[in-house]
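Biologist: Could you walk me through this model and tell me what stands behind the terms you use?
Modeller: Gladly, let us look at it together.

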Amino acid sequence: MHLGPRSDVIDIACGPGTTALLLSPRVRYVACVDFSEGMLRRLRRHIDRAGLSNIEPCRADGQALPYDAAKFDVGLSMFGLMFFPDRARGFAELHRVLRAGGAAAVSSWAPAGQSPLLRLVVEALGEPPAESPPAAPGLEDPAVLEREMTEAGFMEVRVEPVSHAMTVTDVESFWHGMVRGVAPIALLKHKSSPRQWARTEAAAKAHIASALPELPALLPSVAYLAVGRKP
């Protein structure tokens with residue numbers, strides 16, 4: 001995937017702009033799309049602090065992007081499109097807004113059983129980790145990720161596992177990072193009343209503290225990254 005000073009990029013389900021902020025010095029323009037105004041507020045603060053002028057936050061649905069066709073050279077969705085209610089529409093919109101020859105990258109977590117970090121977070125929220133595939137597999141299945149991206153019209157699609165490890169030094173900081181950076185947790189917080197969220201958060205942090213009695217602790221995780229090209 002080529003990125004250069006003339007590249008226009010769209011980051012779909014951008015969250016607080018982690019990827020866009022890294023790309024900003026290397027490209028001409030980044031459109032950052034997210035449905036969460038809270039995430040975009042954090043992104044705007046990062047933009048202001050860094051004095052950046054080539055990142056444009058946009059509150060919108062990634063399944064109905066407010067951009068003309070063939071506008072971008074590169075399209076990204078890092079752990080975002082995997083949660084869309086209609087992934088086919090999400091992939092189709094990503095394909096639509098790319099120029100011919102444009103590149104796309106979409107990432108997804110691997111199943112919780114393959115990632116101690118994700119397993120811990122799932123269990124902390126009171127959900128038992130799935131030991132068998134769900135009835136309708138999601139993008140955590142690399143074959144599904146490759147197929148859905150190909151069906152949207154992308155060519156030369158390849159999916160590769162990516163390993164990463166996080167060092168947990170204290171429970172409070174770890175949990176705060178999960179709430180800020182993991183879309184389903186942020187959505188759960190948004191949907192909960194303050195009292196409900198306080199109970200959920202207290203139980204989650206207690207579980208993490210119990211599961212990690214000795215700190216610092218290293219938690220590995222696995223994700224899948226799919227890349228493809230628009231003909």
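**Sheet and helix**

Modeller: To begin, Ser-108 stands opposite Tyr-224 in strand 7. This is a predicted model, where local features need pLDDT of at least 70, side-chain atom pairs count only at pLDDT 80 or more, and totals for chains, interfaces and linings use all residues. Residues are numbered from 1 along each chain as its sequence is written, and side-chain values use heavy atoms, leaving out hydrogens and water.

Biologist: What makes strand 5 and strand 7 a pair?

Modeller: Two strands pair if DSSP finds at least two bridges between them. Strand 5 (residues 98-109) and strand 7 (residues 217-229) have seven bridges, in the antiparallel sense, so they meet that definition.

Biologist: What is the strand order in the open sheet?

Modeller: Its seven strands run 3-2-1-4-5-7-6, with mixed pairing. Strand 3 (55-59) and strand 6 (155-168) each have a single partner strand, so one side of each lacks a neighbour in the sheet.

Biologist: Which residues of helix 8 are called buried?

Modeller: Trp-197, Ala-204, Lys-205 and Ile-208. Buried means under 20% relative accessible area, and exposed over 50%, with partly exposed in between (1.4 Å probe, protein chains only).

Biologist: Why do you say that the buried residues line one face of helix 8?

Modeller: Seen down the helix axis, they fall within an arc of 95 degrees, so they line one face; the arc is that of the directions from the helix axis to the C-beta atoms. On the other side of helix 8, Arg-195, Arg-199 and Ser-210 are exposed.

Key: Helix = DSSP H or I, 4+ residues; strand = E, 2+ residues; numbered from the N terminus.
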